[in-house]
There are 2 protein chains.
Amino acid sequence: MAKDKKLVEAITSMEEDFAQWYTDVVKKAELIDYSSVRGCMILRPNGYAIWENIQKELDRRFKETGVENVYMPMFIPESLLQKEKDHVEGFAPEVAWVTHGGLEPLQERLCVRPTSETLFCDLYSNIVQSYRDLPKLYNQWCSVVRWEKTTRPFLRSMEFLWQEGHTVHATADEAEERTIQMLNVYADFCEQVLAIPMIKGRKTDKEKFAGAHSTYTIEALMHDGKALQSGTSHNFGDGFAQAFGIQYTDKENKLQYAHQTSWGMSTRIIGAVIMVHGDDSGLVLPPRIAPTQVMIIPIAQHKEGVLEKAAELSSKLGAYRVKVDDSDKSPGWKFSEQEMRGIPLRIEIGPKDIEANQAVIVRRDTREKIIVSLDEIQVRVGEILETMQLEMLERARKHRDEHTSAATNFTAFADKITSEPGFVKAMWCGDRACEDEIKEKTGATSRCMPFEQEHIADTCVCCGKPAKSMVYWGKAY
Amino acid sequence: MAKDKKLVEAITSMEEDFAQWYTDVVKKAELIDYSSVRGCMILRPNGYAIWENIQKELDRRFKETGVENVYMPMFIPESLLQKEKDHVEGFAPEVAWVTHGGLEPLQERLCVRPTSETLFCDLYSNIVQSYRDLPKLYNQWCSVVRWEKTTRPFLRSMEFLWQEGHTVHATADEAEERTIQMLNVYADFCEQVLAIPMIKGRKTDKEKFAGAHSTYTIEALMHDGKALQSGTSHNFGDGFAQAFGIQYTDKENKLQYAHQTSWGMSTRIIGAVIMVHGDDSGLVLPPRIAPTQVMIIPIAQHKEGVLEKAAELSSKLGAYRVKVDDSDKSPGWKFSEQEMRGIPLRIEIGPKDIEANQAVIVRRDTREKIIVSLDEIQVRVGEILETMQLEMLERARKHRDEHTSAATNFTAFADKITSEPGFVKAMWCGDRACEDEIKEKTGATSRCMPFEQEHIADTCVCCGKPAKSMVYWGKAY
């Protein structure tokens, strides 16, 4: 049995070293592998299958709001990237440059897209002429590249997978409405499917997207008390339209600038799933996103009828994503693997169970063992998966709320940020100087100005001047 | 009514100029748009939706054979690309090179993947140790870049979307079996879903993939008599395994080299759909791949009850991919648009139809008008779509067979190739010199040595020496 424990022993405990625990889990659960390309990760089948489920769920939700998918080139000519001033300043220092095609140097170098606003604007300037052409609600699933100095699997890598939605509208109001609508799509998806509660709000000017009029964000709290920006939605106003000449004739035949939005969610969100739900045995996946929801593990599988019964049970549970582990490993080893991979339910079935017409269901999150009659197992599996999904969300919400506090003066604020990691709510005057000072002195950044504002105090937690809004602060990934 | 004809008049007829017809269709059906990046195309919603359906169908078929999806980095370090000699010689002249990351020059330049054999081999050399680890059946959906001098939408572009499967096996037999299995998956998909009949066979050494032991292909004939290589499946033997050190211990504890395959299909296949099925009114999409299968066009839609009835009909036909065109354009203009976009069925419904409890169904391919009772329309639409799908395949097969001939001597061969474009079947001695001579003198290339061999003559059509195999020859895209 010593061998059975190897897999679990291979990972560091969360309390001991959270960062090492994270790295161990992504590797041992076979979500990723490192590649020969510095800072680029390989998404292995266990990792990519989670992304496929995320894609499927999000894509359906996008399309329900009228979004259509397209595909844009992965290269952006330098001159095109430079058309919007703030945008190029934000991205040029971190792009990869293609300078040679085949054996020839290029006349103009091309960057590998870090994001595709400029390409979408270029397209829209060609295909939008009249108010009849609006809105255009386009999205693409692709990878983007940002030349990062330090990288971590899922959280920050040179190349990552994402979707980027880019819409163009007749009016400022429509653009604002779409920006908020997509933020809500993200937040609902994260809560309902990934079981991660989100704080919705607006970024300060310091933290907003390069070239945006306003950036909205959803922020989650990880197990270690650090925040993770999980999805963003930007309203560009008519700034890009002016830079790229996206104009349409309105119903009165007057030429108007269009208004635009963009919004994105990336494989980074898989990092959030790991860090919100995982434990010292590995990954814990919410049932709705788990590529395999149920792993059937036969006990004493060499005995007559056991494997047959396991296969029969598997086909009986065809409504769920179910697998049988009939490999020649020991049951204990199989349990470890199923736990490491975060498969929500394990069903153990052996000769004694078969005799009693039952099976043992074990929940990955609580380790609760539930003995279920084989006659009722179809219904019971569905119920247990559903309960687990809801309880995981509530557990995450409870953890977040317990690690959220409020501060009304700088001493209390700094103390909270450093002593007990989590969100700290505090008032802010609106000045960049205070944001900078808070970051410098405590390491915390403004996460967002939440839509649900609370009046905690009259004055800014940093400078003491009159406060303009309540901000969530935290140390962030 | 003059305005109604504008859309059709905007495209060149096939007979007049097939290449221009093709370019007109991809643009006017809004499948693609040109981008600011030379040689890279934009896939617009109409074009990308076809690719999404192709992905969905192929992905399901792959997974049924045990394939799992992964994602590999888009960059390949130059030293990794160089590990397999034939492979680097084949691809190095046509790759894009990244030389700078952010503001810094790179120590080693990276190419943007033209294909990912080297990355998969690098991964397999790390994760394959024992026979228990085999086979690995991985696939990825991504874009690749090849620095082409001349480009055409879908057929040849600098960046294109595809899937690339890469498998690793214990034995040569298993690798060969998988190579053929995936070729069959492609051929079945093309016939059943895209209504394009395929010739299956092996490529000559001249035409095989850089680094492959053998390459298998499916070849289709376009409306203009030119051939299109539509999908390929490669058996690498243990060549890459030796270059990358992919070894495993077998059951007898002996170290063995693994055997590998790769196989790919790209957005190029959309070019085949256009050029096999299209006509002078635009695109004709096979029902099983069409993003919209039925377009309902209300007649005299300002009259009471017409739009309501169209909407009612649309929800009644919910089992199909159906849309209502209730825009303020004229019916004639809507007909042109539906035809240009290749939507398989149009349903016309106006006040007189409603009174008679009927609608008029018009098939896109034959233009046949079928009057159908509204009580039976659900069943009839299904039947007509199915008939259309099968007849499109048969029509394409008939066209191909009528444009396939055989030649037993060089004069007849050259005459056939130049006078009447199509496939020419002819015997070949197996020497590269004859292939080169045929290409030089006639412009035809060997498309494949078909699995279904015929004995047309005893001697090579070029040199007159004893023949080794029958080859399909043709001018190709």
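Which residue of chain A comes closest to the rotation axis? In this predicted model, the residue is Val98(A), whose C-alpha lies 2.1 Å from the axis.

**View 1. The rotation that relates chain A and chain B.** Chain A is superposed on chain B by a rotation of 180 degrees with 0.0 Å of shift along its axis, and the RMSD of this superposition is 0.0 Å. The two copies are therefore related as by a two-fold rotation axis.

**View 2. The interface of chain A and chain B.** Here 52 residues of chain A are in contact with 52 residues of chain B, and between them the chains bury about 4,400 Å², of which 62% is on carbon and sulfur atoms. In chain A, the residues that lose the most area to chain B are Pro45(A), Tyr71(A) and Trp147(A), which together account for 14% of what that side buries. Because 100% of the interface residues of chain A are also interface residues in chain B, the copies meet through the same surface.

**View 3. Polar contacts and salt bridges across the interface of chain A and chain B.** The rule finds 23 residue pairs in polar contact across this interface, and it also finds four salt bridges. The side chains of Glu52(A) and Lys63(B) meet in a salt bridge, at 3.0 Å from N to O.

**View 4. The surroundings of Thr204(B).** Thr204(B) lies in the loop between strand E9 (199-202) and strand E10 (214-221) of chain B, and counts as buried because its relative accessibility is 2%. Leaving aside residues up to four places away in sequence, Thr204(B) touches Trp428(B), Glu435(B), Ser446(B) and Met449(B). With the side chain of Glu435(B), the side chain of Thr204(B) makes a polar contact of 2.7 Å.

Definitions and conventions
Residues numbered from 1 in each chain as written. Chains lettered and ligands numbered in written order. Predicted model: local features only at pLDDT ≥ 70, side-chain atom pairs only at ≥ 80, totals over all residues. Heavy atoms only, no water. Helix = DSSP H or I, 4+ residues; strand = E, 2+ residues; numbered from the N terminus. Buried < 20%, exposed > 50% of the residue type's maximum accessible area, 1.4 Å probe, protein only. Polar contact = N/O pair within 3.5 Å; in protein donor to acceptor, adjacent residues only side chain to side chain. Contact = heavy atoms within 4.5 Å. Least-squares fit on C-alpha atoms with pLDDT ≥ 70 in both. Buried area = accessible area lost by both parts, 1.4 Å probe.
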